[in-house]
Amino acid sequence: MRVGVLGGSFDPVHYGHLRAAECALETFDLARILLVPARRSPFKARGFASDQHRHAMLKLAAADHTRFGVETCELEREPPSYTVDTLRLLVRRAPEDVFTLILGSDAAVDLEEWREIGEIRRLADVRILARAGEPVGPGAMAFEGLTVSSTGIRGTVCAGRSIRYLTPDSVRLYIEEKGLYK
């Protein structure tokens, strides 16, 4: 089975992430997508919501899609989160599967600096989704991404404005109930 792996902070998950996952399913002919929340990326500062909240929101966002799953291995390991460790684990668990690592073009900018990039490429086919207006290089596919961002959502919540239609209602209600990003 061809399985896509889409990682990120998901702080919070939003329709842009979900649209990218859906596009990857179709574009790269994948059977399913694993959404992998990072415990702490070596390229980013500490997040805003806890690991437990990010995991809960991601489960809510993926709940109504039969081909989306949430993989928590990075939340279970000591930080920082390295993609090569995640891919090794996934290949060990399901050696019959073929993995495709899906990156946004923003994440792919530093790809050559990632830990054991050669091993990553051995374990998974690396594919890049480039938003409209971004350069499309080797291994990249242009896709009509949404201009929503986690940073923007956090700022909107902090300002006391609605995030309706930026993230699934289940995630929006969770953020409101837990008082996140204020």
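Which residues of helix α4 are buried? I started there, keeping in mind that this is a predicted model, where local features need pLDDT of at least 70, side-chain atom pairs count only at pLDDT 80 or more, and totals for chains, interfaces and linings use all residues. Residues are numbered from 1 along each chain as its sequence is written, and side-chain values use heavy atoms, with hydrogens and water left out.

**Helix α4.** I found V84, T86, L87, L89 and L90 buried in α4, residues 83-93. Buried means under 20% relative accessible area, with a 1.4 Å probe and protein chains only. Helices here are DSSP runs of H or I with at least four residues, and strands are runs of E with at least two, numbered from the N terminus. Next I looked up what covers those buried residues: the list includes β1 (2-8), β2 (32-37), β4 (98-104) and α6 (117-123).

**T83.** Leaving aside neighbours within four places in sequence, I see T83 in contact with E74, L101, W114 and I120; contact means heavy atoms within 4.5 Å. V5 is 78 residues away along the chain, yet the C-alpha atoms of T83 and V5 are separated by 9.7 Å.

**Y82.** I noted that the charged end of R115 sits over the ring of Y82, 3.9 Å from its centre. The rule asks for NZ of Lys or CZ of Arg within 6 Å of the ring centre and within 35 degrees of the ring normal.

Terms used:
Buried means under 20% relative accessible area, exposed over 50%, partly exposed in between (1.4 Å probe, protein chains only).
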